[in-house]
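These are my notebook entries on one protein model. I set down here what I looked up and what I found.

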Amino acid sequence: DLDTDVISKVTDDTAYQTSPRVADDLVVWMDYRNGNYDIYMKDLTSGAETMLAGGASIEAYPAIQGSRIVWESTVSGNYDVWTTTIPDTTPPVVSSLQPENGAALGCSSPTVSASFSDNRAGVDPDSVQLIVDNLDVTAAAQVSDTGISWQPTGTLSGGNHAIALNVSDHEGNTANASWSFSTSQPVLSLFKTSVLWASTDD
């Protein structure tokens, strides 16, 4: 991981693995665990490891771009080039919910925001929907493919407020998040001050 400098093993199988290739969160390689070379793949986001091509034939030298994978295969009796597309079934990840879930705020006009990301297809900004207290406020929010932010034009009533966020990637995988917080109206206290003037006789 170039962001954290953490080195991790992609597969624990004891057989020979060679010719790894990576694109985004997908890794493909040649694998000899079944007695001849097959093509295996690992989704680094989900952790799922899958054999893409195998059997009695030789499957070799994979290459990957995005979700498209090509490799050489002898399944037809001689070396041919085969290809497949890996479907994106992973929904976006929603994070950095603000205000934090369960927060008790003295502010009656807080900014509601969240961040989101997607491992492959990318978030579809047109799919984003923000619901505040059963009211769709998406049209009044700032929306991008990485996050959303909404500022009330007035003040929220005191009490609990429920937030719901729906977001999908370009493949239609949907993530939902819900949280709540409470606000209180500022209390204005008036103090009565009595001033006593001392009187003196001339």
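The entries below go through conventions, backbone geometry, strands and selected side chains.

**Conventions.** I worked on a predicted model, in which local features need pLDDT of at least 70, side-chain atom pairs count only at pLDDT 80 or more, and totals for chains, interfaces and linings use all residues. Residues are numbered from 1 along each chain as its sequence is written, and side-chain values use heavy atoms, with hydrogens and water left out.

**Backbone geometry.** I recalled that most residues other than glycine have a negative phi, and that most peptide bonds are trans. I then looked up the exceptions. Glutamine 98 and proline 99 are joined by a cis peptide bond, with omega about -10 degrees. I placed proline 99 in the loop between strand 8 (93-98) and strand 9 (103-105); helices (H or I, at least four residues) and strands (E, at least two) are DSSP runs, numbered from the N terminus.

Aspartate 24, not a glycine, has a positive phi of about 55 degrees. I found aspartate 24 in the loop between strand 1 (17-23) and strand 2 (26-31). Its relative accessibility is 56%, so aspartate 24 counts as exposed; the classes are buried under 20% relative accessible area, exposed over 50% and partly exposed in between, with a 1.4 Å probe and protein chains only.

Tyrosine 61 also has a positive phi, near 50 degrees. Tyrosine 61 belongs to strand 5 (residues 59-65), and it counts as exposed because its relative accessibility is 52%.

**Strands 5 and 6.** I noted that strand 5 and strand 6 (residues 68-73) run antiparallel and are joined by five bridges; strands pair if DSSP finds at least two bridges between them. Alanine 60 has glutamate 72 in strand 6 as its bridge partner. The hairpin of these strands has two residues between them, and glycine 66 there takes a positive phi near 60 degrees.

**Aspartate 38.** I located aspartate 38 in strand 3 (residues 38-43). Setting aside neighbours within four places in sequence, I listed the contacts (heavy atoms within 4.5 Å) of aspartate 38, among them Trp29, Met51, Ser57 and Glu59.

I traced an open sheet of five strands in the order 9-16-15-11-12, with mixed pairing. Strand 9 and strand 12 (135-136) stand at the edges with a single partner strand each, so one side of each is left without a neighbour in the sheet. Strand 11 (residues 129-132) pairs with strand 15 in the antiparallel sense over four bridges, and valine 132 has isoleucine 163 in strand 15 as its bridge partner.

Histidine 161 lies in strand 15 (residues 159-168). Is histidine 161 buried or exposed? Histidine 161 counts as buried because its relative accessibility is 2%. A polar atom of its side chain lies 2.7 Å from the backbone oxygen of serine 157. Not counting residues up to four places away in sequence, histidine 161 touches Asp133, Leu156, Trp179, Ser180, Phe181 and Thr183.

Notes. A polar contact is a pair of N or O atoms within 3.5 Å; within protein, one must be able to donate a hydrogen and the other to accept it, and residues adjacent in sequence count only if both atoms are side-chain atoms.
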